[in-house]
Amino acid sequence: MNIKKLGSRSFPYFLILPSILILICTVLYPVFLTLMYSFQRYQLTKPYARKFIGTQNYVDILKDGNFYDVLINTGIVVGIILIVGIIFSFLTALILNRQNKLTNILTAIAIIPWVLPPVVNGVIWKFIFYPEFGLVNKILYYFNLTDSPILWLNTRYGALIIIGLIVAWRTIPFCTILLLANIKAIPEDIFEAAEVDGATTFEQIKSIMIPILFPTFLIVITNLVLTGINVFDEIVALVGFRKLGETYMIYNYNQTFSFFNIGYGSAISYTITIICGILGLIYIKVLKRRTV
């Protein structure tokens, strides 16, 4: 075998070897280690009591009453993000699709919430809903709609609704860009033909645009659901680690890093992974069924 030829074939693999090693060390190894921890009773406060317990951590999660409260909290946040995100992303995309002098400026303004770091987003909205000098309460005072400050973030459902709204506000720009790009890809001839046939703007959107954008809406829905499940920074900025705003990620963090229950926290992490994987499979199946 020609050594020079062999060297030329293997050279590209040597070039990507550092990237592969980094990937193994920073992604694959932690994933495998977390999986191993999820099958162990492992607390940092009791390092010598560590032992293999199989799927007991997963069984304990299903028996934990807090787990179902957390699921309800996460479901509320995800539901609000979905409803607000889908409606306003589509409406914003329709507005930005209309060409005028302000289109570029409005597009730049619409992107601002997306580029804000989640922590900054949470801090900004915390001041907006602050009881004493928050913007919302000041507006209510000005119009004599309330005599005392409203504690927006001190009730469970109030906090969850606000969390859902501000996360949706952050996610809407990305979803808008996805929808807008696909709206612009639709041939104008289709709308012109529909207009000649007497179809109104609403009928064109309902019967032409939305069916064509169905795969894009699936991507938007998937993105919004995964964002809602994985939201963390805004919750910490708004309400900290309190029970009233405890979603799945906060629950995972508390078990792993507050109570140092590494085994149980690892099982929670993989439960989240399984849920996200199921959602991904549903998305793929629906998309395949739609395109067949």
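Guide: Start where α12 ends: it is followed by F260, whose phi is positive, near 55°. Keep in mind that this is a predicted model, where local features need pLDDT of at least 70, side-chain atom pairs count only at pLDDT 80 or more, and totals for chains, interfaces and linings use all residues. Residues are numbered from 1 along each chain as its sequence is written, and side-chain values use heavy atoms, with hydrogens and water left out.

Visitor: Why is F260 called partly exposed?
Guide: Buried means under 20% relative accessible area, exposed means over 50%, and partly exposed is in between, using a 1.4 Å probe and protein chains only. F260 comes out at 36%, so partly exposed is the label.

Visitor: Why does N144 count as exposed?
Guide: N144 has 65% relative accessibility, so it counts as exposed. N144 is in the loop between α6 (135-142) and α7, and it has a positive phi of about 55° without being a glycine.

Visitor: What does the side chain of N254 make a polar contact with?
Guide: The partner is the side chain of E246, at 3.1 Å. A polar contact is a pair of N or O atoms within 3.5 Å; within protein, one must be able to donate a hydrogen and the other to accept it, and residues adjacent in sequence count only if both atoms are side-chain atoms. Leaving aside neighbours within four places in sequence, N254 is in contact (heavy atoms within 4.5 Å) with F241, E246 and F259.

Visitor: What makes a set of residues a nonpolar core?
Guide: They are buried Ala, Val, Leu, Ile, Met, Phe, Trp, Tyr and Cys residues joined through side-chain atoms within 4.5 Å. The largest such core has 40 residues, and F90, I183, M209, L213 and V239 have the most contacts inside it. α7 gives the most to this core, 12 residues. A second, separate core of 15 residues includes I61, Y248, Y264 and C276.

Visitor: How do you know that a space is a pocket, not a cavity?
Guide: On a 1 Å grid over the protein atoms alone, a cavity is a set of points where a 1.4 Å probe fits but cannot get out, while a pocket is an open set with protein on both sides within 12 Å along at least five of seven lines; lining residues have an atom within 4 Å of a point. The largest pocket has a volume of about 380 Å³, where grid points are joined across faces, edges and corners and the volume is the space filled by probe spheres set on the points. α9 gives the most to its lining, with 4 residues.

Visitor: How do the residues of that lining divide?
Guide: There are 6 nonpolar, 3 polar and 3 charged in the lining of the largest pocket. Ala, Val, Leu, Ile, Met, Phe, Trp, Tyr, Cys and Pro count as nonpolar, Asp, Glu, Lys and Arg as charged, and the others, Gly among them, as polar.

Note on methods
Helices (H or I, at least four residues) and strands (E, at least two) are DSSP runs, numbered from the N terminus.
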